Amino acid sequence: MINPKIIDSIFSAASIQRWNDYPRMVDLVELDKQAHKFIIAYFIAKLEKDINYTHLIEAGIFEFLRRVVVTDIRPDVFRQALQKKGAEINKWVISKLGESLKDIDNGNFLNKFESYLTDESMYKKERFILKAASYLSTKWEFGIVYQTSAFLNDIDEVKKSVDEEIEDYYELIGVRKIALNKKLAKVIDLSGRLRFQKRWAQTPRIPETSVLGHMLTVAIFGYFYSVDVNACDKRLQNNFFTSLFHDLPEALTRDIISPVKYCVDELSELIAEFEIDKLKEDILPNVPYEIQEEFSYLLGLYNGTKDEFLDKVIIDGKIEVLNDGVSKYNEDKYEAIDGLALKQCDKLSAFIEASLSISHGIKSKELINGKKQILESLQTVNGVDFKKIAQNIDYEFGTTGQTQARMEF
C-alpha cells in the first residue's frame with residue numbers, strides 16, 4: 001500500500017518550520033499548513049460546481065510531496081522559480097521521490113504525479129481551489145506571525161501583500177464567505193487551532209505532531225489504502241475526507257489519550273456524548289446547509305451516536321452499518337466508507353509517530369509501550385496487512401525491535 005521511504009517524506013513535514021525568518025509565538029510547521037489547506041479546500045470545493053474530488057485529493061497530495069522536497073525555498077521565491085525553472089525543479093522532485101513512489105498502484109500514482117508536474121492544464125479547476133486554500137491557510141498563519149512581528153520594518157509590506165492576494169480568488173464563493181467572516185470562517189478557525197494541540201501530549205517526541213497534522217497523515221493513508229483495494233471514486237473520496245475530519249471534535253474537547261479516556265467506567269461514553277453535543281452546537285450550524293447531511297455522515301454521526309470508524313454505506317437514503325466489509329458495495333451510488341480500515345490507518349499513524357521518535361533517540365516508557373500495544377492491535381483488512389506495513393516501517397527506521405530482527409535475520 002505504501003512504503004517506509006514515502007512515509008518518512010510525509011512525516012518530515014512535521015519538522016519543516018514555516019515563517020522561520022520571523023518571530024513566532026508557536027511553532028508553525030508544513031504538515032499542519034497542508035492539513036489546514038486540505039480542510040479549507042474541501043469547503044471551498046463543496047460550494048462550487050463540477051469539481052472532481054478525486055482530482056482535488058490527488059492534486060493536493062502531489063503539491064504536498066513537491067513542497068516537502070523543495071522546503072528550503074521560500075514560498076514567494078519558489079513561485080518565481082517555478083515560472084522560470086519549473087521543468088528543472090519538477091524533474092529534480094521526481095528524481096528525489098520516484099524510487100519511493102514507483103510501486104504504488106503499479107506505477108500509476110507516479111505516472112500521474114509526473115503528468116501533474118509537467119502539464120499545468122491537468123486538474124485545472126482543482127488546482128485553483130487548492131491555490132486559494134493554500135493562500136487562506138497561509139493568511140491564517142500570518143495572523144499569528146503579525147502579532148509578534150510588529151516591530152519589524154517590512155512587516156506592514158508583507159501584510160499588505162497578503163491582504164491584497166485574496167482578490168485573486170474572489171470568484172470562489174467559499175473564499176468570499178471566509179473573507180467576510182461568515183459562519184464558515186468559524187469552522188476554518190476551529191480547524192486551524194488543532195495545530196496547537198500536540199499528540200502524545202504527556203510524552204516528549206521528535207518530531208512533535210499535532211492533532212491537525214495527524215488528521216492529514218491518516219487521510220493520506222486512507223487514500224493509498226483506497227487505491228490499493230481499487231475503491232470506486234466516491235468510496236475513495238469518503239475514505240479520505242472521513243480521515244481528514246476524524247479528530248475535528250478535539251478542537252472543542254482536546255486530545256484525550258486512551259488511558260485517560262478509559263480509566264473510569266463510562267467516561268468514554270460521556271466524552272462521546274459531549275463530542276456529539278458540541279458538534280451539533282458549534283460546528284454543524286456553521287457548515288453550509290447544503291452539505292450538513294454529507295458532513296455529518298463523514299463525521300460518523302449515526303442514530304444519536306458518533307463513530308467514524310464503522311464500515312457503512314447509504315442504501316435508499318438510509319445509512320447501513322455493515323459487518324462484512326464494503327467491498328460488494330464498491331459503486332459510487334452506495335457512498336461507502338471503509339471505517340474499519342481507516343481505524344487501522346489511524347493506528348498506523350500513531351505507530352509511526354512513536355517509532356519515528358524512538359529512532360531519534362526518545363525512548364520513553366510511554367512510547368515503547370504504546371508502540372508495542374498498537375502493533376499488537378493492527379490487523380489485515382480487505383487484504384491489506386497493516387501489521388506487516390508497520391513492521392516494515394519499524395525495520396526501516398531501525399528502532400529497538402528491528403535491531404533484534406536484523407540480528408536474527
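Which residue caps the N-terminal end of H1? Asn 3 does so, with a side-chain oxygen 3.1 Å from the backbone nitrogen of Lys 5; a polar contact is a pair of N or O atoms within 3.5 Å, where within protein one must be able to donate a hydrogen and the other to accept it, and residues adjacent in sequence count only if both atoms are side-chain atoms. The model is predicted: local features need pLDDT of at least 70, side-chain atom pairs count only at pLDDT 80 or more, and totals for chains, interfaces and linings use all residues. Residues are numbered from 1 along each chain as its sequence is written, and side-chain values use heavy atoms, with hydrogens and water left out.

**Overall fold**
- The protein chain has 19 helices and seven strands, which are DSSP runs numbered from the N terminus (helices H or I, at least four residues; strands E, at least two).
- Its radius of gyration is 21 Å, close to the 22 Å that the globule rule gives for 409 residues, so the chain is as compact as a globular protein of that length; the radius is taken over C-alpha atoms, and the rule is 2.2 Å times the number of residues to the power 0.38.
- Of the 409 residues, 54% count as buried, that is, under 20% relative accessible area with a 1.4 Å probe and protein chains only.

**Helix H1**
- In H1 (residues 4-12), the buried residues include Pro 4, Ile 6, Ile 7, Ser 9, Ile 10 and Phe 11.

**Sheet S4-S3-S5**
- This open sheet of three strands has antiparallel pairing; two strands pair if DSSP finds at least two bridges between them.
- S4 and S5 (337-338) stand at the edges, each with a single partner strand, so one side of each lacks a neighbour in the sheet.
- S3 (residues 311-315) and S4 (residues 318-321) pair over four bridges, among them Ile 315 with Lys 318 and Lys 312 with Val 321.
- Two residues separate S3 and S4 in a hairpin, and Asp 316 in the turn has a positive phi of about 55 degrees.

**Largest cavity**
- One cavity of 30 Å³ or more is counted; on a 1 Å grid over the protein atoms alone, a cavity is a set of points where a 1.4 Å probe fits but cannot get out, and lining residues have an atom within 4 Å of a point.
- The largest cavity holds about 40 Å³ of space, where grid points are joined across faces, edges and corners and the volume is the space filled by probe spheres set on the points.
- H11 (233-244) is one of the helices that supply at least two lining residues, and H11 gives the most, with four.

Notes. On a 1 Å grid over the protein atoms alone, a cavity is a set of points where a 1.4 Å probe fits but cannot get out, and a pocket is an open set with protein on both sides within 12 Å along at least five of seven lines; lining residues have an atom within 4 Å of a point. Buried means under 20% relative accessible area, exposed over 50%, partly exposed in between (1.4 Å probe, protein chains only).
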